[in-house]
Amino acid sequence: MKRSILILLKTATWVACLWPLGKLAWEAAANTLGPDPTATITFTTGATTLNLLTIGLALTPARKLIPRLGWLVKFRRLAGLFAFFYATLHLTAYVALYAGFSAGAMAADLARRRFIVMGLAGWLLLLPLAATSTRWAIRTLGGKRWNQLHRLVYAAAVCGVIHYWWQVKPGVLTPLTITVLLGLLLAARPVLGWAEHRKMRMRGAAAD
Amino acid sequence: MLIGKPPDIPSSEITSRAAYFRYLSRRRFLKSAAAAGAGALGAGRLAEIFDPATRALAGTKLETVKSPLTTTGETLTSYDDITHYNNFYEFGVDKSEPAKNAGALPARPWSVQVEGHVKRPKTFDIDALMKLRPLEDRVYRHRCVEAWSMVIPWVGYSLAEFIKECEPLSSAKYVQFLSYWDRRVEHWGAEQTSISWPYSEGLRMDEAMHPLALLTFGLYGETLPNQDGAPVRIVVPWKYGFKSAKSIVTVRFVDRQPHTTWNDQASNEYGFYSNVNPHVDHPRWSQKVERRIGLPFWEQRKQTLMFNGYTDQVAYLYQGMDLRKNF
């Protein structure tokens, strides 16, 4: 891919990823965050985290299905880091606006509320991935170990979706779409792996 | 607040309808101007501004009298927020959906069926029902189980007055309220949830007979907009909002505790009583604090009051009851 096109696409990705935050900031300034601004901020940051995780997890299967899209890998880190960025904003919204910075309130929530535990678990799983997102970290860890570590993103996404289901009222089906999408993307990995394996074996057999 | 104490909101603090509409159109203009400026004027908002049907939901003016049972010392939540932030799952689970979809509700003609343990079953036409007693202005705090709250100037009369007209038998221990349900009209409720409709709620007889329990026909001095439960709903201000059934078609007097919709969904989360209680947490969040609707995000957090601040009036109903067990 030409360098100029890559720069253009990267810029567009930055703008797209910052858009939800910009919109929140604009609406906060204009006082149009809706009747329950706390809920709007929390929902938007949480939903954006899951959306970005989903987009990030779609890149590898897309590359494998369509080899011409190999360049998509250059956007994986950006999607992952922005997912972590929004997860951190989401956590901050909880700490500030719901818990009111009260350690007691947070401890009580963690002791009693599984959706809070699940959400925190998701964020903690993303933390080492964000911390090892530099070239230096990849070199130091070695590609294989880095890859193994970064499989934690699957667990983080599952935590995020469970967190969502446990937060909505029983009988409400809003988390269904993102659950199906993430489920398909996670299931695509063993399926594509198996297909690749078979292709290689067939090639091996043909060469005999 | 004590029963009998006159309302101490100075009349200057109560927004007049004209001033309110000026405010509303100004706010709408600013909102749309801001949105247009950002190049993102949504179709929904456009429809709200230009479609007369959406505006027709605003209702007609009601003849009302003052009530000593009104709550004082609170700032009213805006009409815009009360009518655009609704939990009315039959018209969609997102809080902005009922305002868009509830136009489909056929609020006229309407009648309320009274049945069960009564002298004889009766049907009340909505217009007759509204004339049964003088309509009172009653400001109440409204606390949702989801930990947000509003202050709403309802219009209605005590449910007890209506129950007297129903002539329940002494065997009637509870009263059940069923909301309007038509799958063709309210398809959102069928598509977006796995709830078994119609919406059912209920009160113990002595709770239903408490003068604060309100048979409600309006808000801000006008008939209820559909999304707020037109043409008639219940308001029980010391309980979480979901206990206050909307758009009532059936009132059934029963001898045992009726099934109630949210209790059916998750009995560990939504008890039959569901009195506002900061000491009993919802399994998934604390009930100690609430978010007041319509304030900026740094001012929303408020301490939740026992019985939503109506302890002096209603605590006697639950004397000797373990409110942790009977949550």
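Author: Chain B has eleven helices and 13 strands. The model is predicted: local features need pLDDT of at least 70, side-chain atom pairs count only at pLDDT 80 or more, and totals for chains, interfaces and linings use all residues. Residues are numbered from 1 along each chain as its sequence is written, while chains are lettered from A and ligands numbered from 1 in the order in which they are written.

Reader: What makes a run a helix or a strand?

Author: Both are DSSP runs, numbered from the N terminus: a helix is H or I with at least four residues, a strand is E with at least two. Strand 2 of chain B covers residues 111-116, so it qualifies by length.

Reader: How do you know that strand 2 and strand 3 of chain B pair?

Author: Two strands pair if DSSP finds at least two bridges between them. Here four bridges join the two strands, which run antiparallel. One bridge links B:Val114 with B:Lys122 in strand 3 of chain B.

Reader: Which way does strand 2 of chain B run against strand 11 of chain B, parallel or antiparallel?

Author: Parallel, again with four bridges. Strand 11 of chain B spans residues 248-254. B:Gly116 stands opposite its B:Phe253. Strand 6 of chain B (residues 174-179) pairs with strand 11 of chain B in the antiparallel sense, over six bridges. There, B:Phe177 has B:Val251 as its bridge partner.

Reader: Why is the pairing in the five-strand sheet of chain B called mixed?

Author: Strands of a sheet pair either parallel or antiparallel, so a sheet can hold both kinds. This open sheet has the order 3-2-11-6-7 and mixed pairing. Strand 3 (122-125) and strand 7 (200-204) of chain B are its edges, since each pairs on one side only. Neighbouring strands are turned by 20° against each other on average, direction ignored; axes are lines fitted to C-alpha atoms, for helices over the stretch in contact, and angles run from 0 to 180 degrees between N-to-C directions.

Reader: What makes a residue of chain B buried, and what percentage is?

Author: Buried means 20 or more other C-beta atoms within 10 Å of its own; exposed means 12 or fewer, partly exposed lies in between, and C-beta atoms are placed from the backbone. Of the 327 residues in chain B, 41% are buried.

Reader: What makes a set of residues a nonpolar core?

Author: Its members are buried Ala, Val, Leu, Ile, Met, Phe, Trp, Tyr and Cys residues joined through C-beta atoms within 7 Å. The largest such core has 69 residues; B:Leu159, B:Ala213 and B:Ile234 touch the most other members. Strand 5 of chain B (residues 148-158) gives the most to this core, with six residues. A second, separate core of 29 residues includes A:Ile41, A:Leu50, A:Ile55 and A:Tyr86.

Reader: How do you know that chain A and chain B are in contact?

Author: Two residues are in contact if their C-beta atoms, placed from the backbone, lie within 7 Å. By that test, 26 residues of chain A are in contact with 25 residues of chain B. Helix 4 of chain A gives the most to its side, with four residues.

Reader: Which residues carry the contact of helix 2 with helix 8 of chain A?

Author: A:Thr49, A:Leu50, A:Leu53 and A:Leu57 of helix 2 meet A:Val153, A:Ala157, A:Gly160 and A:Tyr164 of helix 8. The axes come within 10 Å and cross at roughly 145°.
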